[in-house]
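Work through the exercises below with the sequence and the 3D view at hand. Each task is followed by a solution in steps.

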Amino acid sequence: MSGDMDANIVLLGPPGSGKGTQASRLSKTLGLTHISTGDLLREAIGLGTPLGIKAKEYVESGRLVPDELVVELIKEKVGGAGDGVLLDGFPRNLEQARMLEEIVKIDAVINIDIEEGELVRRLTQRRTCKSCKAVYNLDSNPPVMNGKCDRCGGDLIQRSDDTEQVVKERLKVYRESTLPLTEHYQRKKILIDIDGKGTIEEVYQRTMRSLEPLR
Ligand code: AMP
């Protein structure tokens with residue numbers, strides 16, 4: 001199954017669920033614009049923009065960046081995208097979900113479900129390419145050459161919020177603020193639960209199958 005899809009999709013899942021990796025792949029196959037608030041915030045922080053300066057302390061301590069800052073970012077990106085977006089990391093709480101409803105109609109919400117012990121292990125083993133942002137896992141998806149990206153040869157780094165202490169805070173924020181969104185979207189009958197266990201390929205295939213009725 002491939003080709004463009006004309007739908008707006010939200011990808012939900014705890015940190016470490018493979019959300020970002022799946023979002024990159026799904027958006028390419030389905031011809032959707034991938035919008036990751038985490039990537040956009042890290043980019044703003046790296047560039048030292050006014051938004052980046054405000055967001056830095058929140059991202060580095062694993063807390064949510066204030067809604068109004070993130071919503072502005074989303075409005076700009078969704079407005080500039082054509083038909084069909086894949087939102088990765090937004091919304092993160094009920095207030096953001098309500099704000100999103102005023103910006104765009106969401107057709108489906110994919111929730112990648114996975115147990116917490118596995119998440120801590122995955123996150124602390126995660127490495128990201130400094131240049132092209134490709135994601136590796138030292139256990140399950142290691143690079144061919146230690147510390148170097150297979151795709152572009154760039155340096156692999158650990159995200160500053162992937163340390164054990166910050167990971168615990170991010171999981172707490174997820175449980176308290178983001179998890180209630182699954183019930184919200186369940187009530188709207190647009191939630192699709194996906195089992196996040198297994199390889200990247202297995203989760204990808206499960207997700208693609210679950211989207212078939214929408215195509
Ligand atoms: P992620 O890459 O999705 O794990 O996001 C990394 C960090 O960016 C989060 O821990 C938050 O600090 C911040 N962030 C990303 N998306 C949002 C959002 N929708 N609302 C608030 N903060 C966010």
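**Exercise 1.** How far does a polar side-chain atom of R42 lie from an oxygen atom of the ligand?

Solution. The model is a predicted one. Start at R42 and find a polar atom of its side chain; this atom is 2.9 Å from a ligand oxygen. The cut-off for a polar contact is 3.5 Å between N or O atoms. Next take Q96, where a side-chain N or O atom is 2.9 Å from a nitrogen atom of the ligand. Then turn to R170, which has a polar side-chain atom 3.3 Å from a ligand oxygen. Finally, consider the cover: on its own the ligand has 490 Å² of accessible area, and the protein covers 96% of this.

**Exercise 2.** Identify the residues around the ligand that come nearest, and sort the shell by class and by helix.

Solution. Begin with the count: 18 residues are around the ligand, and those that come nearest are T37, R42, R63, G89 and Q96. By class, the shell holds seven charged, seven nonpolar and four polar residues. By helix, at least two shell residues come from each of α2 (37–47) and α3 (50–61). The most is given by α2, with four residues.

**Exercise 3.** How many aromatic pairs does a search of the whole structure find?

Solution. The search covers the whole structure and returns zero aromatic pairs.

Notes: Residues are numbered from 1 along each chain as its sequence is written. This is a predicted model: local features need pLDDT of at least 70, side-chain atom pairs count only at pLDDT 80 or more; totals for chains, interfaces and linings use all residues. Side-chain values use heavy atoms; hydrogens and water are left out. A residue is near a molecule or strand if one of its heavy atoms lies within 4 Å of it. A polar contact is a pair of N or O atoms within 3.5 Å; within protein, one must be able to donate a hydrogen and the other to accept it, and residues adjacent in sequence count only if both atoms are side-chain atoms. Accessible areas come from the Shrake-Rupley method with a 1.4 Å probe; for residues, only the protein chains shown count as cover. Ala, Val, Leu, Ile, Met, Phe, Trp, Tyr, Cys and Pro count as nonpolar, Asp, Glu, Lys and Arg as charged, and the others, Gly among them, as polar. Rings of Phe, Tyr and Trp (its six-membered ring) pair if their centres lie within 6.5 Å; planes under 30 degrees apart count as stacked, over 60 as edge-to-face and the rest as tilted.
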